[in-house]
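Hi everyone, thanks for coming.

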Amino acid sequence: MYQILVADAIKPEGLGPLLESPKVHLIEKTVVEAKHQLHEIDAILVRSATTVTEELISSMPNLKIIARAGVGIDNIDVPAATKRGIVVVNAPDGNTISTAEHTFAMMAALMRHIPQARASLKNGEWKRSSFIGTELYGKNLGIVGMGRIGSEIAKRAKVFGMDVLVYDPFLTSDRAKKMGVTSLELAKLLTLADIITVHTPLTPETRNLINKKNLLTCKKGVYLLNCARGGIINEEDLYELIIKGHIAGAAIDVFAEEPPLGHQLLELDSVIATPHLGASTKEAQLNVATQVAQEVLSFLNGNPVTSSINLPAISKEVFAKVQPFYELIKQMGSIVSQSMPEGIHEITVNYAGEVLDFDTSILTKSLLSGFFKSRLDVPVNEVNAFLIAKERGLTIGEKTSHDTFGYSNFITVTAKGDNRQLGISGTYVDHYGSRIVRLNDFTIDFHPEGNLLYVQHMDRPGVIGRVGKILGDHGENIATMQVGRKQAGGEAIMLLSFDNPLSDDILRKLKQLDDITFLYRITLHGS
Ligand SMILES: NC(=O)c1ccc[n+]([C@@H]2O[C@H](COP(=O)([O-])OP(=O)(O)OC[C@H]3O[C@@H](n4cnc5c(N)ncnc54)[C@H](O)[C@@H]3O)[C@@H](O)[C@H]2O)c1
Ligand SMILES: O=C(O)[C@H](O)COP(=O)(O)O
């Protein structure tokens, strides 16, 4: 039963997929209320009210996925999640329209002084001349950040007869032309815009992107909007330049600190504000809740996620095709790790054949997942595989070739350790499944699963018999056995499988036999 913590207000109607799943138990509490249950949480769903810190992540040892029912993930320590192999997903387009509409509503309200006029009426006043507004028509709208929301605002602005200027370092000129907007550098945009609205994520690059220095280059009487993240526009500088009359007014939905208790900007008559309502519509909340519920359930069921922040995006269709190789190479990684109980500083993977139809990086990550599984407590998966390999000084190399040795696909893993090198080759054969067909230059053929014993020995009469006798004397039944040798009287190999793992006592006795070079118990868990 998966324990899923819904830590923020997420629309229940959108959580249907989770509520209907017999595998899921939903806990709808804040992280404070759920503090005694955090150790059992498999997934956490949040909006912007909960900050998912490294400390909180550490308090949830079972955590597998963090789902943001919205766009902004600045309240989630993604690097900390990645280090733990925890997937972070969001709902990237569920609230786009709502936020664009809210921004436009705030823009119209700002230019026509609607909140102030309403307040005046409520006070029994009829001061029509006090609320002379400004048309949007014909004005220069400067959009900083031309992503999903910025683009929707540009569309609406053009319908309102505005000239749309945009700044976005990742916007191509083709797209700007297609959108019918003028792409400018930020410095230029600020000098021309009558109204400026920001729609970037809050990142180290965008924090204080708009500040006193560049605001002073704006037209006197410029208006500003922030319906993205508090901090993109420096709040103290905004306040100062409104007080000084350089900025005519501002519309703010988000604050650097939320809630903005006693915030100085809220004292100004020319500032209108809402409590982070951009995504607060019935439609947006249903969208984002549904999207994250489906992502979480999909991930917990072992299927790929489509809106991961820290995991390569892969469709279900592609994953279904690549999964056989994904499982094969994970087992290969585990065999390497268990057959070389020493420091390993380099692993090279060579891909050949139809496996090259896929993004092999996810396969290499699966190899590392299998390799580290028997060495580390931290879960290693596609999210953190390369990070952990780097931290542990393990160099990973990927190669491709045309040599498939008659198979339709052929994967070779070579590991270099402190004392020796190991090579293993595998293939996936329809109807037969995963097969290991080469182990340390020995030709062999076995299915990489279950309780195995890998024995390397000298090719001498009686060695196989003596191994069999010890196993028999201890009641161990050999399920399968593969033997091979390089040349008569030279090095040879045995690969045996059993119904149960061999005991340490049996291993100790086998190692004492003459002509045994080395032997390793290998335990491979099924996929
Ligand atoms: N007020 C709300 O309730 C609300 C709702 C949704 C989203 N948001 C905020 O709005 C932000 C944007 O949402 P979105 O869905 O459009 O995201 P998005 O990722 O589609 O668009 C963000 C855009 O910002 C651009 N960008 C990044 N760094 C930049 C920089 N330094 N200068 C200029 N542009 C830069 C990116 O290229 C991208 O085009 C989110 O990150 C979130 O923080 C707020
Ligand atoms: O980034 C977002 O999606 C918005 O800021 C919405 O935040 P919320 O989910 O807290 O409304």
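I'll go through the whole protein and then zoom in.

A word on the ground rules: this is a predicted model, where local features need pLDDT of at least 70 and side-chain atom pairs count only at pLDDT 80 or more, while totals for chains, interfaces and linings use all residues. Residues are numbered from 1 along each chain as its sequence is written, chains are lettered from A and ligands numbered from 1 in the order in which they are written, and side-chain values use heavy atoms, leaving out hydrogens and water.

The protein has 16 helices and 22 strands; these are DSSP runs, H or I of at least four residues for helices and E of at least two for strands, numbered from the N terminus. Its radius of gyration, taken over C-alpha atoms, is 31 Å, well over the 24 Å from the globule rule (2.2 Å times the number of residues to the power 0.38) for 527 residues, so the protein is more spread out than a compact globule. Along the principal axes, the C-alpha trace spans about 110 × 50 × 40 Å.

How much of the protein is buried? Buried residues make up 53% of the 527, where buried means under 20% relative accessible area, exposed over 50%, and partly exposed in between, with a 1.4 Å probe and protein chains only.

Now let's zoom in on serine 361, which sits in helix α13, residues 360-373. Serine 361 counts as buried because its relative accessibility is 18%. Leaving aside residues up to four places away in sequence, serine 361 touches Phe386 and Glu398, with contact meaning heavy atoms within 4.5 Å.
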